[in-house]
Amino acid sequence: MERADRVKVVISWQILYTQECRRDVERLSSQLKNRLEVLGALFEQNPFHPRLHTHKLTGRLRDLWSFSLDFHHRVIFEFIDSHTVLLLRAGDHSIYRHYR
């Protein structure tokens, strides 16, 4: 197969933010904001990219998902439909206790 015959299909997810998540992002350090920008680009292409460490939550948050910004910081989100994601909260692990 020649290189010109190969087709790469890129499907991008629509990313929406809650007002709470926007406020959370404003409060992040500039280093974490930059990291969110880089990882957000990965997330938009593939929410399950290995660098994101995406995982389903349990307990009272069992309908939600999370991905990692770093060892201490996470983003909570939910899948709205087959190509739309709503980011709910961003911050350290305390966001799990303070959500809902």
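How many bridges join strand β2 to β3, and in which sense do the two run? Select residues 55-56, which form β2, together with β3 in this predicted model. Two bridges join these strands, and they run antiparallel. Within this pairing, H55 is found opposite S66 of β3.

**Along β3**

Keep β3 selected and display its side chains. W65 and F67 point one way from the strand, while S66 and S68 point the other way. All of these residues are buried. In a regular strand, side chains alternate between the two faces of the sheet.

**From β3 to β4**

A hairpin through four residues connects β3 to β4. The two strands run antiparallel and are joined by four bridges. To locate the pairing, select S68, which stands opposite R74 in β4.

**The whole sheet**

Continue to β5. β4 and β5 pair in the antiparallel sense, over eight bridges. Here I76 stands opposite R89 in β5.

Now show every strand. They make up an open sheet of five strands in the order β1-β5-β4-β3-β2, with mixed pairing. β1 (14-17) and β2 stand at the edges with a single partner strand each, so one side of each has no neighbour in the sheet. Select α1 next: this helix packs on the sheet, where it touches β1 and β5. The direction of α1 makes about 40 degrees with that of β5.

**The nonpolar cores**

The largest nonpolar core has 17 residues. Select L36, F43, F67, L69, V75, F77 and L87, the residues with the most contacts inside this core. Two or more residues come from each of α1 (19-27), α2 (30-45), β3 (65-68), β4 (73-81) and β5 (84-92). The helix α2 gives the most, with four residues. In soluble globular proteins, nonpolar side chains tend to be buried together.

Centre the view on F67. Which residues is F67 in contact with, leaving aside its neighbours within four places in sequence? They are L36, F43, L52, H53, T54, H73, R74, V75, F77 and L87.

For the last stop, select L57, L64, Y96 and Y99. These residues are among those of a second, separate core, which has nine residues.

Definitions and conventions: Residues numbered from 1 in each chain as written. Predicted model: local features only at pLDDT ≥ 70, side-chain atom pairs only at ≥ 80, totals over all residues. Heavy atoms only, no water. Core = buried A, V, L, I, M, F, W, Y, C linked by side-chain atoms within 4.5 Å. Buried < 20%, exposed > 50% of the residue type's maximum accessible area, 1.4 Å probe, protein only. Contact = heavy atoms within 4.5 Å. Pairing = 2+ DSSP bridges. Axes fitted to C-alpha atoms, helices over the stretch in contact; angles between N-to-C directions.
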